[in-house]
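Subject: Structure handover

Hi,

Here is the structure I promised to pass on. My notes follow below it.

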Amino acid sequence: MANASGFFTPSVSSWRKRIQPQIGIYRSGLLSPDGFSSRVFCSSTIQGPEKLSSGASPSESRVPRLVSKGCKLVGCGSAAPTLKVSNDDLAKIVDTSDEWISVRTGIRNRRVLSGKDSLTTLAVEAARKALEMAQVEADDVDLVLMCTSTPEDLFGSAPQIQKALGCKRNPLAYDITAACSGFVLGLVSAACHIRGGGFQNVLVIGADSLSRYVDWTDRGTCILFGDAAGAVLVQACDSEEDGLFSFDLHSDGDGQRHLNATVKQNEMDDVVGSNGSVLGFPPRQSSYSCIQMNGKEVFRFAVQCVPQSIESALEKAGLPRSSIDWLLLHQANRRIIDAVATRLEVPPERVISNLENYGNTSAASIPLALDEAVRSGKVKAGHTIAAAGFGAGLTWGSAIVRWR
């Protein structure tokens with residue numbers, strides 16, 4: 001099992017009444033605090049009455065084997081809707097201006113789904129670009145992780161992405177819901193599947209269409225959000241080449257009141273009649289409310305928790321701040337990005353940001369900015385990146401990674 005510290009903890013097996021194979025992960029491929037890479041020890045245990053009757057002890061039934069597994073980022077891609085909405089466009093529908101928005105947020109444009117565009121289409125385009133860069137065929141993908149809070153199917157969008165990519169071996173595909181922290185959680189999940197499950201190629205996609213849940217009459221929120229998709233391919237490698245050094249993950253449900261889009265019941269006629277129907281049944285159809293946010297509280301949370309998380313991840317990796325080539329934060333607000341960079345003493349020229357052109361794209365923001373930085377030549381092979389996501393839940397997390 002992986003815990004929030006960024007390391008795998010030992011699995012404790014117990015005796016069962018029936019045969020039950022178990023796999024225990026003892027150490028991770030993450031860097032330990034002293035800076036040395038730990039390897040993955042796996043053990044297979046057969047448990048049950050037959051083992052008891054043989055006279056073998058629990059310790060004797062566990063035969064460890066060494067698995068030298070690391071993981072690294074080998075490809076990236078991104079996609080955005082064609083419709084661009086500028087601050088001047090928004091000024092035509094709400095009481096705002098380009099200056100008011102740009103000074104407070106750093107945003108000048110955002111992309112919004114329209115017409116025949118779909119989030120799934122964007123995710124597939126981003127994924128294909130990542131596979132192309134990594135020179136990996138769709139049939140060689142073992143797992144698709146779709147990090148989104150806005151799926152186009154209640155039961156998840158990942159299987160449709162797997163289908164559209166043409167993955168003929170029917171690899172596992174599932175959604176991860178963690179709002180703006182989703183992509184970081186996806187990276188960590190990919191590492192766990194590779195190190196502990198033997199997966200070789202894992203697609204991690206961050207994609208969201210929050211424009212569908214924005215109140216376009218509320219200038220406090222409608223100015224912030226845009227739609228996009230970004231993807232990376234995480235690939236298994238030898239432990240010596242490991243590119244995910246450490247991570248740090250957290251959540252605090254008490255902060256949900258500051259940022260949410262809760263379920264609401266739709267209004268409909270009273271269904272209770274004189275035929276003995278139970279009050280409240282059948283249930284009313286429901287939908288999600290528009291995004292509700294307390295901007296001041298979210299700002300306070302981000303500038304306090306994000307630097308702490310990155311510093312914790314660096315400490316676990318045994319790396320100093322000076323080892324960071326690039327700081328890559330969730331693109332929420334220019335003031336938040338600047339405040340975190342200042343606290344970590346990272347100069348502006350080492351901060352990756354495309355917030356001005358896309359706004360807050362939730363789970364897509366980190367891979368979208370990474371892809372542009374890689375393709376422009378800014379991020380090069382061997383560069384160390386401190387990435388952090390934060391948002392609704394409240395959730396936040398960071399990862400120290402090396403590009404390729």
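Helix α7 covers residues 295-317, which is 23 residues. At 1.5 Å a residue α7 should span 33 Å, and its end C-alpha atoms are 32 Å apart, so the two agree. The expected span is 1.5 Å times one less than the number of residues. Helices here are DSSP runs of H or I with at least four residues, strands are runs of E with at least two, and both are numbered from the N terminus. Just after α7, G318 has a positive phi of about 70°.

The model is predicted: local features need pLDDT of at least 70, side-chain atom pairs count only at pLDDT 80 or more, and totals for chains, interfaces and linings use all residues. Residues are numbered from 1 along each chain as its sequence is written, and side-chain values use heavy atoms, with hydrogens and water left out.

Now the sheets. One is open, with five strands in the order β4-β10-β9-β7-β8 and mixed pairing. Strands count as paired if DSSP finds at least two bridges between them. β4 (70-79) and β8 (172-176) are the edge strands; each has a single partner, so one side of each lacks a neighbour in the sheet. The twist averages 20° from one strand to the next. Five bridges link β7 to β9 (residues 201-209) in the parallel sense. V144 has L203 in β9 as its bridge partner. Helix α4 (residues 119-134) packs on this sheet and touches β4, β7, β9 and β10 (227-237). Its direction makes about 130° with that of β4. Contact means heavy atoms within 4.5 Å. Axes are lines fitted to C-alpha atoms, for helices over the stretch in contact, and angles run from 0 to 180 degrees between N-to-C directions.

S157 sits in the loop between β7 (143-147) and α5 (158-165). S157 is buried, at 3% relative accessible area (buried is under 20%, with a 1.4 Å probe and protein chains only). A polar atom of the S157 side chain lies 3.0 Å from the backbone nitrogen of E152. Leaving out residues up to four places away in sequence, S157 touches T120, M146, P151, E152 and D175.

The other open sheet also has five strands, in the order β11-β19-β18-β16-β17, with mixed pairing. β16 (residues 326-329) and β18 (residues 384-391) run parallel, joined by four bridges. W326 pairs with I385 in β18. Helix α8 (residues 334-344) packs on β16, β17 and β18, at about 140° to β16. Helix α10 (residues 365-375) lies across β16, β17 and β18, at about 145° to β16.

Best wishes

How values were computed
Buried < 20%, exposed > 50% of the residue type's maximum accessible area, 1.4 Å probe, protein only. Polar contact = N/O pair within 3.5 Å; in protein donor to acceptor, adjacent residues only side chain to side chain.
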